[in-house]
Amino acid sequence: MARYQCPDCSYVYDEEKGEAHEGFPPHTPWAQVPDDWACPDCAVRDKPDFIPLGMSGIGGVAA
Amino acid sequence: MSTIARNPSADNAPDRYVDRKRYLWMLSVIWPAAPLIGLYLVSQTGWGIFYALTLIIWYGIIPIFDGLFGNDPNNPPEAAVARLEADRYYRILTYLTVPVHYASLIVSAWWVATQPMAWWEVIALAFSLGIVNGLALNTGHELGHKKRAFDRWMAKIVLAVVGYGHFFIEHNKGHHRDVATPEDPATSRMGESIYKFSLREIPGAFRRAWNLEKVRLERVGKSEWSLSNEIIPPLLLSVAIYTTLILVLGPDPKLLVFLPIQMAFGWWQLTSANYIEHYGLLREKMADGRYERAQPRHSWNSNHIASNLILFHLQRHSDHHAHPTRSYQSLRDFRDLPELPTGYPGMFFIAMVPPIFWSVMDRRVVAWAGGDLGKIQIDPASRKRITRKYGRAREAARIAAE
Ligand SMILES: [Zn+2]
């Protein structure tokens, strides 16, 4: 499961955890997040701006 | 463009920063109690003019202080930001502001319902309270941008005082995304008066907030008509507060006039802020159809220390838009930002007299765009007048560029 970080406020979308409040339950793949979805914390960067961080879970961050 | 001296760039300075404003920030906590100080002075002197105390300080005295004290020389280096953010003292001040807003509303309403007052005095107090209720929006703004659930709840609780709970959604997810584009009902257009703007801004803000929640709740699989809609709990809280006030204090006719006026004037303070913060500014569209990223150049700023101290640094607005989750104490000033000639209170006042506002701001907007009217958001109804007046500047800029 991959993780993606907002370049502005460092919020991280983790596919494993999802973002239930935004309607993405755990294990929602990044590909299913719509392109116009904005960072839930700062809202100034959209999905296409996010930076891939690598894998989550066992093995830790492999950015 | 700048009327006050700018701070030297602090970008690479090491963190030896001492916040000389640390204790002065208490002014942001005390200021929402200004109507209560007015009531105290009325009780001591019997002079009704003190009902208008907040009004006089806000529109009259703060602009004079902004002129006298001018630029704020304090500017934290980027290296100090993490330390300032971690300091709980600043956060506690924003929490303390919340009960002050409640106290101002409840005591003022009690006073109107129980004390003998002339009608003009009721109106003067309503406008005074309206101003600090506008500041409840400012406190809600500061808290609503934070990531902690507690802070976000405090934001909703304080926004309920002024009946504007949807601000939390509207501002964070709507305005920050759409700022300085024609899609943003909270960005004013060159030539648009504040009165015309308010008719676009107030309903537009509510509609956008509701739609944002609707889209989110569709994904979650819940109804927009549920407590999960983040607009609804603070709205219910507002209804509860105002119903309780009327039930407890009785349906006194003065109170029934007082409450809507103070609330409407609170909304007007927000409209004023939205009106001046991005007036005429426009982000360019990129090849892929998205707008360029919101840049520091897409906000008007004021680094005047006096008004900033009662506004939790809201006027360092470019840095706020660049880093919306950053706390007030860490906001920084930069060189070469679009600059307002005075702080928000003075700007709010002249905004109510459109010809004066235009004479102050329009040439600044044209200078910002390098004379190119195509780079400015212009009110369609004013386009002819503005082209006639500033079209020559564009010609001159084109010739200079060649
Ligand atoms: Zn973000």
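Let me start with one residue in chain B. Leaving out residues up to four places away in sequence, R91(B) touches R148(B) and D151(B). R91(B) sits in helix α5, which covers residues 88-114 of chain B. The cut-off for buried is under 20%.

Before I go on, a caution. What you see above is a predicted model. Every value I quote is computed from that model.

Now a second residue, S272(B). S272(B) belongs to helix α11, residues 253-277 of chain B. Its relative accessible area is 0%, so S272(B) is buried. Which residues does S272(B) contact, once neighbours within four places in sequence are set aside? The contacts are I194(B) and F348(B).

I194(B) also lets us go back to where I began. R91(B) and I194(B) are 103 residues apart in sequence, and their C-alpha atoms are 33 Å apart in space.

Next, chain B as a whole. The chain has 16 helices and zero strands. Its radius of gyration is 21 Å, close to the 21 Å that the globule rule gives for 402 residues, so chain B is as compact as a globular protein of that length. Along the principal axes, the C-alpha atoms fill a box of roughly 70 × 55 × 50 Å.

How much of chain B is buried? Of its 402 residues, 59% are buried. S272(B) is one buried residue, as I said.

On to chain A. This chain has zero helices and three strands, and along the sequence the pattern reads β-β-β. Buried residues account for 51% of the 63 residues. Chain A exposes about 3,100 Å², with 54% of that supplied by carbon and sulfur atoms. Among the contacts between residues at least 6 apart in sequence, 42% in chain A join residues at least 24 apart.

There is a zinc ion to look at. Which protein atoms are its donors? They are the SG atoms of C6(A), C9(A), C39(A) and C42(A), at 2.2 to 2.4 Å from the zinc ion. The angles among the four donor atoms run from 102 to 116°, and the site is tetrahedral. For four donors to count as tetrahedral, all angles must lie between 85 and 135 degrees, so this site meets the rule. Along the chain, the donors follow the spacing C-x2-C-x29-C-x2-C.

The last topic is aromatic rings. Over all chains, the count comes to 34 aromatic pairs. A pair of aromatic rings is described by the distance of the centres and the angle of the planes.

I will show two pairs that share Y13(A). With F24(A), the ring centres are 6.3 Å apart and the planes are at 85°, so this pair is edge-to-face. Y13(A) is in strand β2 and F24(A) in the loop between β2 and β3, 11 residues apart. Y13(A) has a relative accessible area of 0%, so it is buried. F24(A), at 4% relative accessibility, counts as buried.

Y13(A) lies in strand β2 and W37(A) in the loop between β2 and β3, so the pair ties together parts that are 24 residues apart in sequence. W37(A) counts as buried too, at 4% relative accessibility.

Which residues make up the aromatic cluster around these pairs? One cluster is formed by Y4(A), Y11(A), Y13(A), F24(A), W30(A), W37(A) and F50(A).

Note on methods
Residues are numbered from 1 along each chain as its sequence is written. Chains are lettered from A and ligands numbered from 1 in the order in which they are written. This is a predicted model: local features need pLDDT of at least 70, side-chain atom pairs count only at pLDDT 80 or more; totals for chains, interfaces and linings use all residues. Side-chain values use heavy atoms; hydrogens and water are left out. Donors are N, O and S atoms within 2.8 Å of the metal (3.2 Å for Na, K and Ca); water is not among the atoms, so sites may look incomplete. Four donors count as tetrahedral if all angles lie between 85 and 135 degrees; four count as square planar and six as octahedral if opposite donors are over 155 degrees apart and all others between 65 and 115; anything else is irregular. Helices (H or I, at least four residues) and strands (E, at least two) are DSSP runs, numbered from the N terminus. The radius of gyration is taken over C-alpha atoms; the globule rule is 2.2 Å times the number of residues to the power 0.38. Buried means under 20% relative accessible area, exposed over 50%, partly exposed in between (1.4 Å probe, protein chains only). Contact means heavy atoms within 4.5 Å. Rings of Phe, Tyr and Trp (its six-membered ring) pair if their centres lie within 6.5 Å; planes under 30 degrees apart count as stacked, over 60 as edge-to-face and the rest as tilted. Accessible areas come from the Shrake-Rupley method with a 1.4 Å probe; for residues, only the protein chains shown count as cover.
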